Number of protein chains: 2
Amino acid sequence: MHRPQNFPVKDQSNFFHKIGYVFKQPELLQEALTHRSFGYPNNERLEFLGDSALNCAVSALLFKEFPLLPEGNLSRLRANLVNQQALFELASALGLGDLIRLGEGERKSGGHYRPSILANALEAVIGAIYLEGGFIEVENFVNNLYKPLLQDLDLETLGKDPKTMLQEYLQSRRVALPEYTVIATSGEAHRQKFRVECAIAKFNVRAVGEGTSRRRAEQEAAKQAYELIVQY
Amino acid sequence: MHRPQNFPVKDQSNFFHKIGYVFKQPELLQEALTHRSFGYPNNERLEFLGDSALNCAVSALLFKEFPLLPEGNLSRLRANLVNQQALFELASALGLGDLIRLGEGERKSGGHYRPSILANALEAVIGAIYLEGGFIEVENFVNNLYKPLLQDLDLETLGKDPKTMLQEYLQSRRVALPEYTVIATSGEAHRQKFRVECAIAKFNVRAVGEGTSRRRAEQEAAKQAYELIVQY
């Protein structure tokens, strides 16, 4: 027999503070933090609900944060933000590992730190917030959770180089592709420096990049041009 | 050159009435109803947003409508409700085919009735509702959209037979499996009738099913027992 590890009131209010939401029904949070190995009711149904609520809130966040990004890039970004490893790290930062209730077998084999268990528990907590507080509370929670991650995101993390990004962006708008021109080279043969201009006539944009190869300079120029257009 | 097929004001108010939501920014609805073949801006980004909002609203609907269904069944049900064919039928019922703006090629090749185009446009409309009205309006819209479909759902549509459903339900709660007992047979050898009882001691449930084979009678008894427990 396993005995319920109850959620001490002090830990509860710490946790509520961390997540920025106060549960009116602590038993709902308890359910979200109960792995199926512990018994029934457990967090499997709440995980189902929370998984889709998380996806939706992250989609809305990305949609608003990246107003010019095509759908394919938004999907790729979202996948990076809601995969098991990302959720595991967020769940660990919230201290879910110490709060989750597990059956004895899982407990002894390190379940408190298993990525899948923690990631699922975080989704279940989101499901519980949705159920009790409505979607608006999910949006608040998810926005706070991901704010630091979004600040670190830049074009590189989209998994594409700037020239490709820029080209796809322009193609999706049926705008003529940029022209790259080497405007200067300097330095000796084995350590030359290139200056390349990226021009997009339609937007009246000219951006310059430097690099130790023509290719690198073009990428840098494309990045500058992309950022100019995004602010456009 | 294609000319914009603008959305006549009369059609707009008809459509707003149908969807139960009045757009304050008709240009946002216009964008949701613009296929990429028509030009830019088109509905691809809104589709990204709407797809996840639809998923979330349908998940919540199922979660509340089927309080005893395990996660796996909820997922299966949701997949049936949000797949391309289901969305195509809903989009057709809303008359999206007549409203969507397509490039000339798509228009001539029957794009107005292509399942993928209509399904995606419905998702984009949901994305636009989310953006303008917030998630609460998505929940309203999706609940109205799916109400008739949910009324038709029964255990059969879950894609599992009642005995399996019942067994999974009990296993997830760690309750002893039901016992099936033939309590009567009648009729001649080649057209016998069976009466089977399904007993679940833990819930004090006894349900009876009849059928032309023992197997059929067991399935019927399981179905009755399941429905008793669900009301429990």
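Student: Which residue in β2(B) is the bridge partner of B:Glu179?
Tutor: The model is predicted: local features need pLDDT of at least 70, side-chain atom pairs count only at pLDDT 80 or more, and totals for chains, interfaces and linings use all residues; side-chain values use heavy atoms, without hydrogens and water. Residues are numbered from 1 along each chain as its sequence is written, while chains are lettered from A and ligands numbered from 1 in the order in which they are written. In chain B, strands β1 (residues 179-186) and β2 (residues 193-200) run antiparallel. In β2(B), the bridge partner of B:Glu179 is B:Ala199.

Student: How many residues lie between β1(B) and β2(B) in their hairpin?
Tutor: Strands here are DSSP runs (E, at least two residues; helices are H or I, at least four), numbered from the N terminus. B:Gly187 sits in the turn, with a positive phi of about 90 degrees. The number of residues between the two strands is six.

Student: In chain A, which strands stand at the edges of the sheet?
Tutor: The sheet is open, with antiparallel pairing and the order β1-β2-β3. Two strands pair if DSSP finds at least two bridges between them. Each edge strand has a single partner, so one side is left without a neighbour in the sheet. The edge strands of chain A are β1 (179-186) and β3 (205-211).

Student: By how many degrees are neighbouring strands of this sheet turned against each other on average?
Tutor: Axes are lines fitted to C-alpha atoms, for helices over the stretch in contact, and angles run from 0 to 180 degrees between N-to-C directions. For this average, direction is ignored.

Student: How many bridges join β1(A) to β2(A)?
Tutor: The two strands run antiparallel. One bridge pairs A:Ser186 with A:Lys193 in β2(A). The bridge count is seven.

Student: Is A:Glu123 buried or exposed?
Tutor: A:Glu123 lies in helix α8 (residues 115-133) of chain A. Contacts (heavy atoms within 4.5 Å) of A:Glu123 include A:Asp51, A:Leu54 and A:Leu87. Buried means under 20% relative accessible area, exposed over 50%, partly exposed in between, with a 1.4 Å probe and protein chains only. With a relative accessible area of 6%, A:Glu123 is buried.

Student: What is the relative accessibility of A:Asp51?
Tutor: A:Asp51 is in helix α3 (residues 44-65) of chain A. A:Asp51 counts as partly exposed. Its relative accessibility is 29%.

Student: How far apart in space are A:His35 and A:Gly211?
Tutor: A:His35 sits in the loop between α2 (26-32) and α3 of chain A. A:His35 is buried, at 11% relative accessible area. In sequence, A:His35 and A:Gly211 are 176 residues apart. C-alpha to C-alpha, the distance is 53 Å.

Definitions and conventions
Lists of a residue's contacts leave out its neighbours within four places in sequence.
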